[in-house]
Amino acid sequence: MEVQITSENFESLKNGSEPLVVDFWATWCGPCRMVAPIIAKLAEKYDGKIAVGKCDVEENEDLAAEFGIRNIPTILFFKNGEVVDKIVGAVSEAKLDEKFQTLL
């Protein structure tokens, strides 16, 4: 299940018991819309093992700035509260699944 990430809930999710994957996106972004169904599918596949969230960069500019998000989609992978990996741009489901696997 995907969670909407905001400035208010980000810290608790980042420091939660599960690794966290955050998809930084915007409604007007074509590549973001291509990646969205893949992220949703992987969120279901890893439910209970990896927390997955979407962060609208226009609604949460502070978070985008904190992580230097300049291009979207940008997907950040957190483990133990730290960024351990990053993907910028639209990528295949296989590539994303491979990155999810590294968090387990």
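Rings of Phe, Tyr and Trp (its six-membered ring) count as a pair if their centres lie within 6.5 Å; planes under 30 degrees apart are called stacked, those over 60 edge-to-face, and the rest tilted. With that in hand, the structure above holds 6 aromatic pairs. It is a predicted model, in which local features need pLDDT of at least 70 and side-chain atom pairs count only at pLDDT 80 or more, while totals for chains, interfaces and linings use all residues. Residues are numbered from 1 along each chain as its sequence is written, and side-chain values use heavy atoms, leaving out hydrogens and water.

**Aromatic rings**

| Pair | Centre to centre | Angle of planes | Kind |
|---|---|---|---|
| F10 and F67 | 5.5 Å | 70 degrees | edge-to-face |
| F24 and F67 | 6.3 Å | 50 degrees | tilted |

F10 lies in helix α1 (residues 10–14) and F67 in the loop between α3 and β4, so their pair ties together parts that are 57 residues apart in sequence. F24 belongs to strand β2, so its pair with F67 links parts 43 residues apart in sequence. Helices (H or I, at least four residues) and strands (E, at least two) are DSSP runs, numbered from the N terminus. F10 and F67 are both buried, and F24 is buried as well; buried means under 20% relative accessible area, exposed over 50%, and partly exposed in between (1.4 Å probe, protein chains only).

**Cysteines**

How many disulfides does a search of the whole structure find? It finds 1 disulfide, the term being used for a pair of cysteine sulfur atoms within 2.5 Å. The bond joins C29 to C32, with 2.3 Å from S to S, and is right-handed, with 80 degrees about the S-S bond. C29 is buried at a relative accessible area of 5%, and C32 is buried at 2%.

C55 is itself buried, at 0% relative accessibility.

Helix α4 spans residues 93–103, and its buried residues are L96, D97, K99, F100 and L103. Seen down the axis of α4, they fall within an arc of 160 degrees, so they line one face of the helix; the arc is that of the directions from the helix axis to the C-beta atoms. Their cover includes β2 (20–25), α2 (30–45), β3 (51–56), β4 (74–79) and β5 (82–88), where contact means heavy atoms within 4.5 Å.

Within strand β3 you will find A51, which counts as buried at 16% relative accessibility. Leaving aside residues up to four places away in sequence, A51 touches E18, P19, L20 and V21. A51 and E18 are 33 residues apart in sequence, yet 6.0 Å apart in space, C-alpha to C-alpha.

**Backbone details**

Most residues other than glycine have a negative phi, and most peptide bonds are trans. A cis peptide bond joins I72 and P73, with omega about 0 degrees; P73 sits in the loop between α3 (61–66) and β4. N80, although not a glycine, has a positive phi of about 55 degrees. N80 lies in the loop between β4 and β5 and counts as exposed at 74% relative accessibility.
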